[in-house]
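Here are my notes for your first look at this one. Have the viewer open while you read, and take the points in order.

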Amino acid sequence: MNKLVGNTPMIKIKYRYRGIEKEVYVKLEQYNLTGSIKDRIALYIIEEEKKNNNLKDNMPIIEATSGNTGISFSSIGAKLKHPVYIFMPNWVSKERIKLIESFGAKVTLVSKEEGGFKECIRRADVLSKKIRGYRPNQFSNYLNTKCHYTTTGKEIESNLKGEKIGGFVSGIGSGGTLMGIGKRLKEAYPDILIGAVEPSKMALLTSGKISNHKIEGIGDDFIPELLDVKIIDKVFDIDDDDAINMARIISRDLGLGVGISSGANFIGAVLLGDNTDNPVVTIFPDDNKKYLSTQLTDKINLKKEFVSNNVKLISYETI
Ligand code: PMP
C-alpha cells in the first residue's frame, strides 16, 4: 500500500499580487489513496503501531475527525480487516459521511449542542475503552507529526532540489502537517518563516475567537496538543468566503480542482510571500470533490477586499 500513499507531485505556481510577480511551491496531496494528505498519517500510524504491538490483528480503530482522517482510516482499515468507528461533527460535508460509510465504517455525528468536536473525542475515548479498540488520537499522537517529518517534509526537501525558499505555511487541524513539515524545513533552511493559517471565525491563536466556520479540516474548536506555537512566526486569519473564492479561482484559472483549505493555504502563502523575496511552500491537502454539495460550487464572489480577488494566477508547472 506504500506505493499508493505519499510521493505526491509538487508544482510551482506563478502569480501576481499587488503588481509583483511571485512563485509558490505546492505539494498536491489529492494524489493519495483516498484523495487527501490524511492517508499518510493513517497508514503510518497503523504500520508503526502494528510494529509496536499496540494495534493487534482485527482490533477496531476508533477516531474523532473532521473527515479526511476518518476516510483514510476507513479505507485502510477495510483493506487490513480492522473495523472502523468514526465520530464526526454534524456540520461537515455530506460527501465525507457517505465516503466513510462506503468503506464499511460506522459514523456517529455529533452536533454543536451535544458538544461538537470535543464531544467527538470524548465519545471516541469511551467507545475505545468499552470495546478495547485502538485510538490513533491524531491531535496528540506524535506519530502524526513524525509521519510528516519523515515523509511529506522529506519529499518536499528532495522535490526542491536545493532551490531557495522563504517560508512554509499551512492550516492547522491536528497540527501534524505544520509541525512535521515545518520542523523538517526549518532544519534544512534555518532562515525560513513558518506561517499558520486559521479561519478568522475560529481564531484560536490570535483573538481566541470560537465560532462556526466553513474551512473544513482546519480550526477544530481547540488548539491541538501537537502544536508547538514557538515554531510559528506569523499567523494568518483567513476569511471563510475568501478561502472558498480562492479555491474556486484556482480551479477556474489553473484547472486544479482543490478543496477549501487549499484555498486558505494559498492565501496564507501569498500573505507570507509578502515577507520574503523567495518562494513560499504550501500544501493543497485535498481536491474539490468532497465539497460539491457546499458553497464551493457557488459563483465567484467579486468582493474587492478579498485577497483572492487581488491575486492573478498566471500558470503552473510540475517540478
Ligand atoms: N485540510 C484538510 C482538508 C484536512 O482534512 C486537514 C486535516 N484535518 C487539514 C487541512 C489539516 O491537516 P493537519 O491535521 O495535519 O493539521
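**Notes on the fold and its rings**

1. Let's start with the inside: 59% of the 319 residues of the protein count as buried, where buried means under 20% relative accessible area, exposed over 50% and partly exposed in between (1.4 Å probe, protein chains only). Keep in mind that this is a predicted model, where local features need pLDDT of at least 70 and side-chain atom pairs count only at pLDDT 80 or more, while totals for chains, interfaces and linings use all residues. Residues are numbered from 1 along each chain as its sequence is written, and side-chain values use heavy atoms, with hydrogens and water left out.

2. Now the overall build. You'll find 8 helices and 10 strands in the protein; these are DSSP runs (helices H or I, at least four residues; strands E, at least two), numbered from the N terminus. Along the principal axes, the C-alpha atoms fill a box of roughly 60 × 40 × 35 Å.

3. How many aromatic pairs does a search of the whole structure find? It turns up 5. Rings of Phe, Tyr and Trp (its six-membered ring) pair if their centres lie within 6.5 Å; planes under 30 degrees apart are stacked, over 60 edge-to-face and the rest tilted. One of the pairs is Phe 139 with Phe 222, edge-to-face at 5.1 Å centre to centre and 70 degrees between the planes. This pair links distant parts of the chain, 83 residues apart: Phe 139 is in the loop between α4 (116–131) and α5 (142–160), and Phe 222 in the loop between β7 (193–199) and β8 (234–238). Phe 139 is buried at 4% relative accessible area, and Phe 222 also counts as buried, at 15%.

4. Next, look at Phe 266 and Phe 284: their ring centres are 6.4 Å apart with planes at 50 degrees, so this pair is tilted. Phe 266 belongs to helix α8 (residues 260–273) and Phe 284 to strand β9 (residues 280–284), 18 residues apart. Phe 266 is buried at 0% relative accessibility, as is Phe 284 at 1%. Together with Tyr 15, Phe 266 and Phe 284 make one aromatic cluster.

5. Finally, two charges over rings (NZ of Lys or CZ of Arg within 6 Å of the ring centre and within 35 degrees of the ring normal). The charged end of Lys 112 sits over the ring of Trp 91, 3.8 Å from its centre. Arg 184 has its charged end over the ring of Tyr 149, 4.9 Å from the centre.
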